[in-house]
Amino acid sequence: VNAPLRESDAARAGRGVQSGWGSTDVERALAATHARLRVRKQRMVLGGVGFVVAMAAAFLLLFTKVPTRPLETLVVLVPKPVESVTHFADGSEARSSAGSKVVVRTSTATAIETALDSGEAEFSVVPNPERRFVVHAGGVTVEVVGTRFRVKHQDARVLVEVSRGKVRVTAGAERAELVEDESRWFARGVEASPTETAMDDVGGGVNGAANAIDGGARSAVNPGAGPRERFVDLARRGD
Amino acid sequence: VTTFARLRATEGVGPSLPLTRWMSVTLPDRPPLRLVRNDDGEAEAEPDPRDFDQVFRRFAPYVARVGVRLLGAEGEVDDLVQEVFMEAHRGLSSLRVPKALRGWLARIAVRRATRRLRRRKLRVLLSLESVPETDLPFDASLGPENAAEVAALYRRLDRMSADDRVAWILKNVEGESLDEIAAICACSKSTVQRRLRRAAAHFDAPEAP
């Protein structure tokens, strides 16, 4: 087996190798080749169709404007900054926003009467059945016993919004009682009493009512003045 | 006229036949029938390159013979022949010189066979496949000792590189000239000579165990 093999002998042996293919083998191979060519053609057609579809899709993606949904407006509710806080002697308070005008008309042990001439204010009233707490706002009178509510001027209307307790509202001939989580608009009317008498009891009220107007709450005496200036102002008038 | 114009475009220009005083028809021209000698030395009509079936029937035995000699395994020849003609199918219509058909098919067959030989060597190297036993149909008239020589020949060929093996078979078995081998293998003549020298070194010496 391992004997030397001369190149000439190897060539002769190689020439003896034949494929042995007859016409039957040729026809069989021809049929098989045709079958493979058909498969290749089908693949090419499918590939071509796929390519065209892919190109069309790419074209559509690139050159057509997809309608985009507009961004929804984001509404963020930010509470208005509180400009000033008016403290009453019984512990009640009124938080008014910038530009608002809160005037204290009466502040005694049995009654606190205040007026909201403009803007809005939120009142937090300490419950006390023996004391009347009234807020006048453009002809609308809000009377409470103990609650937390908001009064707001807007155009020719006044909004009364109750967040705790119960209030009685009088707007001209209209009377209404609002309970917790209720709000209602009332038409503005003509106020009966002038605002100038509002601070009569400031500093001298029973239980010290409204003796702590601070935080820059505007009063009818001198809107924009601090507590000290207001006191001096009242003293000059002999009150 | 349109039909004939189309024929002219595909078939070539033939003689013009006058139809009327103002109109003539040009008949399509067919290439003249040529006779060539086949591998057995018999005269036969040169196949039309545009007729795939005719080309296949004419050259498939030749491609199969070259394939079986190059690969040394009969089992792969069927597949090789189909691959060669599938590749040829694409460029067959563009072939203008029918004489070049045989050499062109030989180039494709050699390229495909070389690729198969390299893959086989790689698989053997990675121990994914054992060295195939030589199982070749050979001319029985040469005697039983020819079978032993063929086996010894392919054992030596299996140790050569694919390029050296192809060059040696084309030169010594197929009887191709150096120029033809260079054209078939797409390399220079000196490269062919170098490959032949390397291949010859495997002969005239005892076979390594």
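Predicted model: local features only at pLDDT ≥ 70, side-chain atom pairs only at ≥ 80, totals over all residues.
Biologist: Let's start with confidence. How do you know how far to trust chain B?

Modeller: Chain B averages a pLDDT of 78, and 67% of its residues score at least 70. The predictor also gives the complex an ipTM of 0.70 and a pTM of 0.51.

Biologist: What makes residues 5-12 of chain B a stretch to handle with care?

Modeller: pLDDT stays under 50 there, although the model has 12 contacts beyond four places in sequence for that stretch.

Biologist: Fine. Why is B:Val166 called buried?

Modeller: Because its relative accessible area is 2%, and the cut-off for buried is under 20%. B:Val166 sits in helix H6 (residues 162-173) of chain B.

Biologist: And what does B:Val166 touch, leaving out residues up to four places away in sequence?

Modeller: B:Leu70, B:Val110, B:Thr114, B:Leu117 and B:Cys185. Take B:Leu70: it is 96 residues from B:Val166 in sequence, yet their C-alpha atoms are 6.3 Å apart.

Biologist: Why is B:Cys185 called buried as well?

Modeller: B:Cys185 has a relative accessible area of 17%; that is under the 20% limit, so the label holds.

Biologist: How do you know that B:Cys185 is in no disulfide?

Modeller: The search of the whole structure finds zero disulfides over all chains. For B:Cys185, the nearest cysteine sulfur is that of B:Cys187, 5.0 Å away, and a disulfide needs the sulfurs within 2.5 Å. B:Cys187 is in no disulfide either, its nearest cysteine sulfur being that of B:Cys185.

Biologist: Now helix H4 of chain B, residues 101-125. How do you know that its span agrees with what a helix should give?

Modeller: At 1.5 Å a residue, its 25 residues should span 36 Å, and the end C-alpha atoms are 36 Å apart, so the two agree. Just after H4(B), B:Ser127 takes a positive phi of about 60°.

Biologist: What do the buried residues of H4(B) pack against?

Modeller: Helices H2 (52-71), H3 (77-91), H5 (145-159), H6 and H7 (178-185) of chain B. Those buried residues include B:Val110, B:Thr114 and B:Leu117, which also turn up among the contacts of B:Val166.

Biologist: On to the partner chain. What makes B:Arg57 and A:Glu27 a salt bridge?

Modeller: Their side chains meet at 2.5 Å, N to O, and the limit is 4 Å. The count between chain B and chain A is four salt bridges.

Biologist: How much area do chain B and chain A bury between them?

Modeller: About 3300 Å², 58% of it on carbon and sulfur atoms. The contact takes 44 residues from chain B and 30 residues from chain A.

Notes
Residues numbered from 1 in each chain as written. Chains lettered and ligands numbered in written order. Heavy atoms only, no water. Helix = DSSP H or I, 4+ residues; strand = E, 2+ residues; numbered from the N terminus. Buried < 20%, exposed > 50% of the residue type's maximum accessible area, 1.4 Å probe, protein only. Contact = heavy atoms within 4.5 Å. pLDDT = per-residue confidence, 0-100. Expected span 1.5 Å × (residues − 1). Buried area = accessible area lost by both parts, 1.4 Å probe.
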